[in-house]
Amino acid sequence: MLGRPEYRKALVFCGLIGIPVALVAFWCLVALHELERLIWTDWPKDLGWKQAPWWWALPLMAVVGLVVGLVVARLPGRGGHIPAGGLHAGGVTKQALPGVLVAALVGLPLGVVLGPEAPLIALGGGLALLFASLARAPQTQGSTAILGAAGAAAAISALFGNPVVGAVLLMEVAGVGGPQLFAVMLPALLASGVGDLIFTGFVHWTGLQTGSLNIGLPKPPPLDFPDVLWTLVIAPVLALFIHWIFVGGRYVARFVTTRTVRNSTLCAVGAAVCITLYALATGRSPAEAALSGESALSDLAQHPHAWPVGALVAVLAFKGLAYALCLGSLRGGPVFPALFLGGAAGVLLAPLPGLGLVPAMAAGMAASVTAALRLPVSSAILVVLLLGNVDTVALVVLAAVVSFVISQRLPQGPRIPPFGAPRADRAHPADTPEH
């Protein structure tokens, strides 16, 4: 394939497309971050509050529901994929870009319990096709798929700050290799994780050395047998928790299709009520139960003792409910809320005998994000990248595989087409699924 001139030209073109796509993705992420800080931190302080008041999410989310509902009902592409259906790599055309941008820039900073990864994938793929058409590059079915995947990978790599995560994530999302990919990769992933556990255990137990690639950085305490046992308990529990959140999200998506604008607004307000109840029950900022959880996850990892048990239980309950409502009614990505919920569960369970904070968060985050995405390899890589701790890789792999197997065996709920079902109350050209 590398010897074919058209493939080499496509390779060069994809490399060039990565430049403007990454720049656009960068400025979109900057805009989302600055808007989130302005709305949830600066404005409350400017108005005289120490933190956002308990009712802060109610008017914001009402606006989100109305705007996103109108985008879904009226604009081409329906604002992107329904997040309850997981991540999708293709299908968003350049005509859908305005709706994707409006839904993301309005919804995500105002409190939607979703992340920016799905809009970025849609944005990257759509921009790649737009630039290709502007450059009058020949477009076939194969080249369109390559360009879309390349643009999406460039955008998602800008979010995670790692090209390997972007490439592997898009490979799994696009289903490269079909069912055979999981048939081969899952046993290999499990075997490598178990092999690493056994190898690490023998090095620790015997005190013998086989040579090491370690360059001398400080290491946390080595993994031990209780870490493995608790991972085998935590992973199924969190897989069930996140799985049923997604099933709830799929039922919400079916409810929204009957009256898109009205029901999207109702669901957004319902999510705001969950956020408000969290703030009232704990006296803490409603921002912890709103938004994607990306910033709160960092605070959770660095200051776990600042989160009492009651706050952790409340955030799991109320943010989980808000997450399910947003998954089915609004637009965004499912990754970061799942990571936050898994991290919160890990902090809650860390005091269990023989466990500890780092292994608990590693197992919780891996199990949660795998149950959300159904992409075990990408989930494991992402969690390892976030933790920055290679000593927990085996636990991450084990939790991801267990979570994936359990999630796949459970009832999946209503089917979500890539762009959602057409509205039941009135047909509209923009409501027609595009593939």
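**Cavities and a helix pair in a predicted model**

So, let's start with the second largest cavity, at about 60 Å³. A cavity here is a set of points on a 1 Å grid over the protein atoms alone where a 1.4 Å probe fits but cannot get out, and lining residues have an atom within 4 Å of a point. The volume is the space filled by probe spheres set on the points, with grid points joined across faces, edges and corners.

Before going on: this is a predicted model, where local features need pLDDT of at least 70 and side-chain atom pairs count only at pLDDT 80 or more, while totals for chains, interfaces and linings use all residues. Residues are numbered from 1 along each chain as its sequence is written, and side-chain values use heavy atoms, without hydrogens or water.

Okay, what lines that second cavity? Val72, Arg78, Ile82, Ala253, Val256, Thr257, Thr260, Ser264, Gly328, Ser329 and Arg331 do. By class, that's four nonpolar, five polar and two charged, with Asp, Glu, Lys and Arg as charged, Ala, Val, Leu, Ile, Met, Phe, Trp, Tyr, Cys and Pro as nonpolar, and the others, Gly among them, as polar.

α3 gives the most, with four residues.

Now the helix pair. The axes of α13 (residues 357-373) and α15 (residues 393-409) come within 8 Å and cross at roughly 35°; axes are lines fitted to C-alpha atoms over the stretch in contact, and angles run from 0 to 180 degrees between N-to-C directions. On contacts, meaning heavy atoms within 4.5 Å, α13 brings residues including Ala363, Ala367 and Thr370, and α15 brings Val396, Ser403 and Phe404 among others. That contact has eleven nonpolar, three polar and no charged residues.

Last, confidence. pLDDT, the predictor's confidence in each residue from 0 to 100, averages 81, and 75% of the residues score at least 70. It stays under 50 over residues 209-218, with three contacts beyond four places in sequence. Residues 419-435 are also below 50, with 49 contacts beyond near neighbours in sequence. Where pLDDT is low, the predicted coordinates should not be read in detail.

How values were computed: Helix = DSSP H or I, 4+ residues; strand = E, 2+ residues; numbered from the N terminus. 1 Å grid on protein atoms, 1.4 Å probe; cavity = no way out; pocket = protein on both sides within 12 Å on 5 of 7 lines; lining within 4 Å.
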